[in-house]
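Me: I'd like to learn how to read a few features of a protein model with you. Could we start with contacts between charged side chains?

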Amino acid sequence: MQVSSYVSIGFILLKNLADIFQVAENLADFIKADYRVRTQIRESLENNYFRNQNQPFAAHIAFQVAFCYDNGFGVKSDSNKCRTWLEKSNRQPDDLKSEREAVRPAVWKSERMRQLKGLISVDLIHEYRKLNKLEQARMECEREVGDMARAFGELHFIPLNLYSIFGDLLDELGEFAKAKALRMRIRDHIEKADGIGHPNYIQSNLDVVKSHIQLGEWMEAQLLQEVVLKRTEGTDNSAVESIKNNLAGTYNRQGRSKEAEELDVQVMETYKMELGQEHPFTLTSMGNLASTFWHQGRWNEAEELEVQVMKTRKRVLGQEHPETLNSKSNLALTYKSQGRWKEAEELEVQVMETSRRVFGQEHPSTLNSMAHVATIYWKQGRWKEAEELEVQVMDTSNRVLGQEHPETLSSMSNLASTYRNLGRLMEAEELEVQVMEARKRLLGHEHPDILTIMGNLAMTYGNQGRWKDAEELEVQVMETRKRVLGQEHPDTLTSMSNLTSTFWNQGRWNDAAELEVQIMETRKMVLGQEHPDTLTSMNNLASTLWKQGRWNEAEELEVQVMETFKRVLGRDHPDTLTSMGNLASTYRNRGEWKEAEQLEVQVMENSKRVLGQEHPDTLTSMNNLATTYSNQKRWGEAEELFVQVMEMRKKVLGQEHPSTLTSMGNLASTYRNQEQWKQAEELEVQVLKMLETVLGQEHPSTLISMGNLASTFSEQGRWKEAEELEVQVMETRKRILGEQHPDTLTSMNNLASTLSNQGHWMQAEELQIEVINRMRATLGEDHPSTVIAIANLASRRAKYEASQLEEEENRLVRELRERLEGHSIQCRERLLQSAIARFEDVNDGKESFSQWILQKCADREDFGTDEDRLELAVAMSREVDTGTDEGMLRRAFDMSVGADENGETDEERLQRTLGISMVDDNDEIGSSKGNTRLR
């Protein structure tokens, strides 16, 4: 029923009954209606007087107008105008006083007016908002309540009704503290006047409860509701079931869903028995129980009840009734939790379109349904469509309700979350800071809505790589929720989980694991082993265990989570697919490629079917499978998938979205692994420039891309360019993330590798030792990263020693060849003895000079000519004193390469010819040092 109906009813009534109409007699009825109805009545009375002032009943009308001005009915109280109209009526002031006294009993005297009682159940506050008349309604209501309170007394039923409307109006305007103060003042007055057993006192307490809930004061709301329930239970008070219903809602807000369920079941069964299955109160109670099931993660049971409620309301109330639309929206929310996005979208779009047609574009129900549709788009990764709707909702709310109205602020917060997912982090931060400051002013520092937006802002800081800022906010949110809501409240556990994510990004895996164990154990106790939130916390802990190198423990948890999700939510639920992807990652990182690939193919195919080809989760699964192909060196398959992911992300998210840039970086890595340096470098330079523009030069993702480009330079032997980038990455990470952060240690390790490739062995080793010491302190001696770093150091040392030996060997051979040329046998022998002494000094007796020379002769195709090699062989024969002449050596050296029928190689034949014995690799060969050294 539109408000205009009240006006027309009032006008028709006065037109037909102007001669007998009594304002005082019908005041109890009209005081609950729209203030404009009262204005219309007063104006109609005045107009009727002037049209009929010569009629006998004109004096009666004048007296009714005098009553309006006396008491403030439909006009501001005005004693002068009251006196003027009283003179027109030929009545005395005492007559007005008597009329006022007649109003005192709250009686519905007029049978005709009693019919209006059914009309006043319409939510007038929503009507004011729809017509953009909230401020005007507030002014009129404030004026009326003051006038009526002065006329009849503050505790009269008429001012009390007006106070109730005024409190609701203040709530609608977001002025929760003012509404609470008003309600508490009225309650205190009623207690003094009527006592705590009076129905008015009970109702006033329930009004105060409403304020506690609006202000997030759930403990105060709970205690007050329990007191009221205790006083009314066992009586025939019709409010008992309603109180239980509201208390169950408070329990749900406190995370006490089992107690909420117990009350909801009681209320539902009572209503079914007393009112019947299809009564509106029964259906509401069924919806409330479904909501409790939803909080418990019992989505199938919630769905069953919600479908029943929706079908009954369609049949009883009609397709377009507000309650029918609410039940559809609730069912859509359950579908969303079940991962049934298409069904959720279909229902919520129906609600939105119906609301637009029935209530209008700017009605709160329409705006709410638009916000719900945007959330479904958001969950499907359709962020552009979500943004479009959210901007509409925000602009309309801003215009109709004002910039700081709670619903405007909620719409701004939703839009900020979409900006965050679109990678527009500065816009997200700007909106979130604005919302946070406004809510602090309106609600104080500890309201649940304040803590939620602080958590969202912390998430944006995290995406910006500002992990210290994120941690500071998250700790504040967590401590406040622990104090206000308690250690076990779901919101407290959520804030603890958010903090662990920040610890994770900071590389503080021990701190993260400690918190995650707390969260997991608390959720098991409060929600049960199989609640989706419990399973999510187990999944998070498994990821941290993996980072700590505790792979077996991680795998055990992930298998448990995956199997439970399959059983509880089904194989195709997004949470089930995520758990399968996590387990696959553990297999992949352990080198179990087949197991990883098998799971990842399942996840990808199911995601394509359930979520769609372009859903972010589908693209992530394709990316993971491509990574597994890369690890197996199946470059072609990896490249094909990486290209698909990149192109889809460009189309869906845009060229500059961080996820698009990540996929470009992954493709570049595949080019690098295939030695397609030009393509790899071209992509990596493009990614780096975009990340510097979008996220800034010091963002963690930007630093990763710089490290990737440095790797491409290294692979091409462009050591100086690689070193320059790696130094920049290392120094920035030290400053931004700290010297102990795993990413910082990785960059130090990469730089050490580049230094060693340039032959800067001492600098490389010094840096590598620093990395190992920091890893031992941060990660532990047995962590895989520590073990790998130690192995890298050992490898570099071996490489250094080998390079030093090879360099000395090459120099000796080169000098030997030069000095042997053109000298006599005797001179060669003398030079050879000097070379032997020099070699043994360098080689530290690890192998004989003859073995070394033979190896050089046999293996080094680029070692001079055949004649040079023959000269060395001759010189070698002097060392072993075989007496072999030059002809025999030439015949032996000219033998073809390969083994003869007895399995003897040419090298072995040559050794046998020269009388050299084979030496086992494990034996140590000693040799005396000569006195002469080559200069």
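Reply: Gladly! A salt bridge is a side-chain nitrogen of Lys or Arg within 4 Å of a carboxyl oxygen of Asp or Glu. Keep in mind that this is a predicted model. Here R256 and E259 form such a bridge, with N to O at 2.6 Å.

Me: Are R256 and E259 buried, partly exposed or exposed?

Reply: Buried means under 20% relative accessible area and exposed over 50%, with partly exposed in between. R256, at 23%, is therefore partly exposed, and E259 is partly exposed because its value is 33%.

Me: Which parts of the chain does the bridge between E387 and R424 link?

Reply: The closest N and O atoms of E387 and R424 are 3.0 Å apart. This pair links distant parts of the chain, 37 residues apart: E387 sits in helix α21, and R424 in the loop between α22 and α23. E387 counts as buried because its relative accessible area is 15%, whereas R424, at 26%, is partly exposed.

Me: How many salt bridges does a search of the whole structure find?

Reply: It finds 53. Some residues join into a network of these bridges: R38, E140, R143, E144, D147 and R150.

Me: And what about the nonpolar side chains?

Reply: In soluble globular proteins, nonpolar side chains tend to be buried together. In this model, the largest nonpolar core has 48 residues, and L45, F73, W85 and Y163 touch the most other members. A second, separate core holds 24 residues, including L619, A626, L661 and M690.

Terms used:
Residues numbered from 1 in each chain as written. Predicted model: local features only at pLDDT ≥ 70, side-chain atom pairs only at ≥ 80, totals over all residues. Heavy atoms only, no water. Core = buried A, V, L, I, M, F, W, Y, C linked by side-chain atoms within 4.5 Å. Buried < 20%, exposed > 50% of the residue type's maximum accessible area, 1.4 Å probe, protein only. Helix = DSSP H or I, 4+ residues; strand = E, 2+ residues; numbered from the N terminus.
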